[in-house]
Amino acid sequence: MSRHGRMIHRGQVANRGEGSRTMAKIEFETPALKDWLSTPAVQRDAMAHSKPFVAKPAHQEPLGFPGELVDNWQEVALEKMGDLLGRYRSLQVFMDSCVKCGACTDKCHYYLGTGDPKNMPVARQDLMRKVYRRYFTLAGKWFPKLVGAVELSEDVINDWYSYYHQCSECRRCSVYCPYGIDTAEITMAGREILATIGVGQKYSNEIIGKVHKIGNNLGLPEPALADTLEGLEEEVEEDINVPVKFPLDQKGADVLLVTPSADFFAEPHVDGLIGYAKVFHQAGISWTLSSYASEAANFGIFIGNYENMQKVAERIRQAALDLGVKRIVVGECGHAWRVAYSFWNTLIGPFDFLDPAYPVPQHICEFTNDLLASGGLKIDPEANDDKVVTFHDSCNVSRGSRLGSTPGGQFTIPRNLIRSACNHFVDMAPDTIHEHTFCCGGGGGLLTDDLIELRVKGALPRAQALQQVIESHGVTHMAAICAICKSQFSKVLPHYGMGMDMIISVHQLIGDALVFNSDH
Amino acid sequence: MLLGSIFAILFYLATVIFLVGLGERILRYSRTPAPLVIPTTPAPTTRTGVCARIFREVVFFESLFKGSKWSWLFGWLFHFGMLVALMRHLRYFTEPVWSWVILIQWAGVYAGIAMFLGLAGLWLRRLMVDRIRYISAPSDHLMLALLLAIAGSGLAMKYGQHTDIVSVKAFALGLVRFDWQPLPSDGLLILHLSFVLVLMLIFPFSKLLHAPGVFFSPTRNMRDTPREHRHVAPWANDPPRSSSE
């Protein structure tokens, strides 16, 4: 046992990553953009070196996970796998159903960008399936070689840590699978098992800890938040001479806005936040942010842990109750919207204390779209005549949730908003948008600098499609409704020779096009 | 008669293992909760819509069509060839033969050929495409070999060395009526039946479980109505709530 323990000791896995931080820069080549997206040949172990930093005890323990690799890790891991198989029908059915047809093999952006065969969705699943077969099926117990079943060894765990952190849980593979196998479910289970034996991921777990403690991913306390919002009010008033407010902890407001904390600081996110505030202002609907629940993001989904996801979400319910609001509106954030739309009612419902006339939760795009439809906003698209805009469908909105009252609203509503605010709009290639959209390359808890090589390479399919519309239609900007997409593209587009400021918020376009002079 | 008795016992055994094994899996799938609403969206919002989605998935292989045209073509040929060929075989188990089974006899032969070609195409793909070769375990190749052997031995009896189908029918009816009859000791027939026995035996323990699995896949069989309906798993608890605030 000690031999096993030594091989995958937390410190060792970590050393590899931490070491590279001190080694100047991680060396890698950005894939070249071609005329079309081609499927790479299999290049074994091309990304075997890619591993995010491992969580330290201080990141693990507040989430209810052991601080370091436990001694009987093999036993604990198998017990956890059995537990998850009994709790999640998805995992149980998906472990049995795959026929290795290969339909998913050329669908993952990380495979397309790296050629590492373990980044093919089926191969990523097989990292767990081969262990499942060995311990949980007759075929694997009796004929392991025949069915490709293996023992849960330290090599397997190392592979899990590496390749379950090369999946952004974007669900693109699930669109094409004849059995609807969603690799995200398996990645989540893999990460939960890893965290349970003491090998969690630093980036996600540290952030979840901050939300539990302070209320947002940045660890931004109330005074700093209040100060920031005050600054924004001054900035906007200076800019358009309208006293647009950014209320915080205002009891009795109609709407609680919950938005990713990146919206408070990061570019281009903050221009989206300004856009929301302008919409609220012009519509004359009272709203507030909460310092207790100052985060829409919920990284609990990334690590696949129900209890942590629920605990993060519960702050929002509590804030809504404390502030006595009637509605909850969620800002532009992909995975946050999936958790809010698809899971909140289950995790922290029922929302019987809110106004039943509105959907709970409501997306800011739905909110603005309704106002546009009812004539509640005055908008002049000429304000954005300097731009030719395309739209990046974010994975979690496209394949894990919905906007509006009919299926597919997640595609039409954001485009409707952009067209209302902007005269020049063009879509990217049909096999790269809507349900076929490619992940930005930074989703699913991978938006960390220790995975920069993976992030750049994973952005290849989107960069390829964007390059095409730049050349064919002179596209100048790509709008998105996800904080992770925005951060990721700002960082990786320059690697492909595109400007970091190409990526903008949908509500920046809206905010810039709203006409205020008649009000004041 | 010895051969007939051996195969009769084997068929009963295989049938029991097939049914019990499959039943155990179906029970397990249906008893395991799906704790979160996870349809791959856009997804239907009604039960009728969900049924239609699963129907399209099972009958037209809708998702596979989106994913890979070659796999779809070969896979569809194989599955529906096999279905029609199987229906054609009902004539061995019914007396008098049902009229619709008589009607499809001609189609059943072409179906056997389609099944063979589809399987051959799938195997070729598995061997030729580097990505699919990488994900293939020995059992994935053997499964195709087994199905090809079943289709091949069947077609060989149709077009090559005929077997005594009157006796085969007597044997098959004997199985159904629990009145065992002798089986012709014909090499091709013995092979054909043995391969079918193996297929029945491994069904509940192999990737053939995709057959029940597709009906239980939460990304396909859930409605997109999470805002309207709470969906709480039996094991899920409310979060710890402080009453003071």
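Author: Let us begin with one residue pair in this predicted model: A:Met478 has A:Ile503 as its bridge partner in S7(A).

Reader: How many bridges join strand S6 of chain A to S7(A)?

Author: Three bridges join S6, residues 477–480 of chain A, to S7(A), and the two strands run parallel.

Reader: In which sheet do they lie, and what is the strand order?

Author: They belong to an open sheet of three strands of chain A, ordered S5-S6-S7, with parallel pairing. At its edges stand S5 (389–391) and S7 (503–505) of chain A, each of which pairs on one side only. On average, neighbouring strands of this sheet are turned by 40° against each other, direction ignored.

Reader: Now the sheet that holds S1 of chain A. What is the order there?

Author: That open sheet has four strands of chain A in the order S2-S1-S3-S4, and the pairing is parallel. Strands S2 (287–288) and S4 (362–363) of chain A each have a single partner strand, so one side of each is left without a neighbour in the sheet.

Reader: And how many bridges join S1 to S3 in chain A?

Author: Four bridges join S1 (residues 255–258) to S3 (residues 327–330) of chain A, and these strands run parallel. One residue pair there is A:Val255 with its bridge partner A:Arg327 in S3(A).

Reader: On to the helices. At what angle do H16 and H25 of chain A cross?

Author: The axes of H16 (residues 269–283) and H25 (residues 506–513) of chain A cross at roughly 50° and come within 7 Å. H16(A) and H25(A) are therefore oblique to each other.

Reader: Is that crossing left-handed or right-handed?

Author: The crossing of H16(A) and H25(A) is left-handed.

Reader: Which residues meet there?

Author: From H16(A) come A:Asp271, A:Gly272, A:Ile274, A:Gly275, A:Tyr276, A:Lys278 and A:Val279, which meet A:His507, A:Gln508, A:Ile510 and A:Gly511 of H25(A). By class, this contact of H16(A) with H25(A) has four nonpolar, five polar and two charged residues.

Reader: Changing topic: how many residues does each chain bring to the contact between A and B?

Author: Chain A brings 65 residues and chain B brings 58 residues. The side of chain A that touches chain B has 30 nonpolar, 20 polar and 15 charged residues.

Reader: What ipTM does the predictor give the complex?

Author: The predictor gives the complex an ipTM of 0.96, together with a pTM of 0.94.

Reader: And what is the mean pLDDT of chain B?

Author: Chain B has a mean pLDDT of 95, and 98% of its residues reach 70 or more.

Note on methods
Residues are numbered from 1 along each chain as its sequence is written. Chains are lettered from A and ligands numbered from 1 in the order in which they are written. This is a predicted model: local features need pLDDT of at least 70, side-chain atom pairs count only at pLDDT 80 or more; totals for chains, interfaces and linings use all residues. pLDDT is the predictor's confidence in each residue, from 0 to 100. Axes are lines fitted to C-alpha atoms, for helices over the stretch in contact, and angles run from 0 to 180 degrees between N-to-C directions. Angles under 35 degrees count as roughly parallel, over 145 as roughly antiparallel, 65 to 115 as roughly perpendicular and the rest as oblique. A crossing is left-handed if the near helix is turned anticlockwise from the far one by less than a right angle, and right-handed if clockwise. Two residues are in contact if their C-beta atoms, placed from the backbone, lie within 7 Å. Ala, Val, Leu, Ile, Met, Phe, Trp, Tyr, Cys and Pro count as nonpolar, Asp, Glu, Lys and Arg as charged, and the others, Gly among them, as polar. Two strands pair if DSSP finds at least two bridges between them.
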